Amino acid sequence: MTRKSTPAPKPVVVIAEALSPATIKVLGPDVIVRHVDGTDRSALLSALGTAEAVLIRSATQIDTEALAAAPQLRVVARAGVGLDNVDIKAATRAGVMVVNAPTSNIISAAELTIAHILSLARHIPAAHSSLSAGKWQRSAFNGTELFEKTLGIIGLGRIGTLIAARMQAFGMKIVAYDPYVTATRAQQLDVELLPLNGLLARSDFITIHMPKTAETTGMISTEQLGMMKPTACIINVARGGLIDEDALFTALSNKAIGGAGLDVFSSEPPVDKRLLDLPNVVVTPHLGASTDEAQEKAGISVAKSVLLALDGELVPDAVNVAGGAISTHVRPAIPLTEKLGQFLCAISRSAPLTTLDVEVHGEIAAYDVEALRFVALKGVYQNIVSGQVSYVNAPLLAEQRGVTVRLRKFNESDDYRNVITLKGSLADGSAVSVSGTLTGPKQIEKLVGINGYAVELPIETYHVVIVYKDRPGIVAVYGKLLGEAGINIANMQIARQEAGGSALSVLTVDSPVPEDLLAQVAKSIAADVIRQIEIEE
């Protein structure tokens, strides 16, 4: 007698916050859905005990404690963009995939930006408050037309591009600052590229759509606000902290600029409420993704990702691991390739990328390595666009910027078992490249080439790359300057192609090097190039 096989148990999916009915429908009948209040800590930890997936929004904290309570957990899905409430590093260490919905809110964020522009142009909030209070003050709210005015967009990515198209319909002239967008791409969008200072001086309205990094935090401060027209307005719905709030308060109070529209703040809710009380400020409580459509898109998107993860398929929206049907021979190259992408981006900041070649050399070229193309792009764009970058939106970011991406495979590798090389062509005609490999039983990630120079050193968090004319005494000069500043050099490699020609130094340092110190080093040794690279895990 043939025994019937016992069907595999259905995976448990915990939903910790309210999601749309469409999200539940996508999950379908092949999973067990359990609802819990993610803000009730004890209830959450108890529910995670049998969960293989958990869907959250912004109120539920998935940290080390939550991950430890979930021994079967395979995927954390954030129905939205931001991941501040998920400990991504802890999840990665636990082998738990983290996914989000990086494109779900771009239309909503673009439309909110436009709402702020219109509100500032026509004083709508103040006029509403006045009339609600029983006053009829038409002359107090004389506004300005957008027609033939100049809109400056800082960050011409997905949201910036949507705003440009929509405001062109108002008859606005669009200028933009984005060091990673080519002139060809800007021309296709009918947008004029300008340096930041030029944009600030020419624009009647300015909107910021940049990621929040060490370089962009406070990028609009006293000096930049002083370059703006006294009638100009600035809008930020991207990330709190991009505008120095103290400097903005002073500029608005002194009427050095016309107004500001703010949806995001350095601390949320805002601790310093001075900006909120100014008459020339329009504020909203971080509503960029707060539309029914954006919420539904986010829920449906992550529900699809959860099903892919539970089925062992490639998950394009994963932010920490590619997951899914990738060969075990290829999988170790994923974090290496992403870091090489970050490295390439950092050394190519003289001009935007126009082409990117992802080259796979050695034994792994015999396998399906298509995922490495997405991984490389994710690394390239990880620190230069606002919002999360994933395997699914990275190719879109490249396409929007007019970047041609090619994957090339070579079965032979001369010096190492496998080598990943990223080569970029830049808009100024120059080229950059970086190569890496995995060595030893522990599969140590190593840099083995930069712009044609042969090196070999482990990839760490902080590196400095310096190119200069080869001559005696250079190491002593920059070593002394860094040492006096308390910057410890943990590792170092020097490479050259011929005596007396150009030399390349790659330093591994224990902490970031201040920009003014980098400039001092460059001046002291007459460096041709100096770049600081910060690699994010």
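Okay, hi everyone. Before anything else, please keep in mind that what you see is a predicted model.

Let's start with strand β4, which covers residues 75-78. Which strands pair with it? On one hand there's β3, residues 53-56, and four bridges join β3 to β4. On the other there's β5, residues 97-99, joined to β4 by three bridges. β3 and β4 run parallel, and β4 and β5 run parallel too.

How does the chain get from β4 to β5? Helix α4, residues 88-93, belongs here: β4, α4 and β5 make a β-α-β unit, and that unit is right-handed.

I'll take the second largest pocket, which holds about 490 Å³ of space. It has 24 lining residues, and the ones closest to the centre are Leu120, His123, Gly258, Pro279 and Asn280. As for elements, α5 (106-122), α6 (124-132) and β12 (281-283) each give two or more residues to the lining of this pocket. By class, the pocket lining has 13 nonpolar residues, eight polar and three charged.

Then there are the cavities. How many are there of 30 Å³ or more? The structure holds three of them. The largest cavity has a volume of about 70 Å³. Its lining includes Tyr180, Cys345, Ser348, Pro352 and Val403. In that lining, nine residues are nonpolar, one is polar, and none are charged.

Last stop: glutamate 399, which you'll find in helix α15, residues 394-400. Is glutamate 399 buried or exposed? Its relative accessible area is 57%, so glutamate 399 counts as exposed, the cut-off being over 50%. If you look from there to leucine 438, 39 residues apart along the chain, the two C-alpha atoms are separated by 30 Å.

Definitions and conventions:
Residues are numbered from 1 along each chain as its sequence is written. This is a predicted model: local features need pLDDT of at least 70, side-chain atom pairs count only at pLDDT 80 or more; totals for chains, interfaces and linings use all residues. Side-chain values use heavy atoms; hydrogens and water are left out. On a 1 Å grid over the protein atoms alone, a cavity is a set of points where a 1.4 Å probe fits but cannot get out, and a pocket is an open set with protein on both sides within 12 Å along at least five of seven lines; lining residues have an atom within 4 Å of a point. Grid points are joined across faces, edges and corners, and a volume is the space filled by probe spheres set on the points. Ala, Val, Leu, Ile, Met, Phe, Trp, Tyr, Cys and Pro count as nonpolar, Asp, Glu, Lys and Arg as charged, and the others, Gly among them, as polar. Buried means under 20% relative accessible area, exposed over 50%, partly exposed in between (1.4 Å probe, protein chains only). Two strands pair if DSSP finds at least two bridges between them. A crossover is right-handed if, with the strands pointing away from the viewer, the path from the first strand over the helix to the second runs clockwise.
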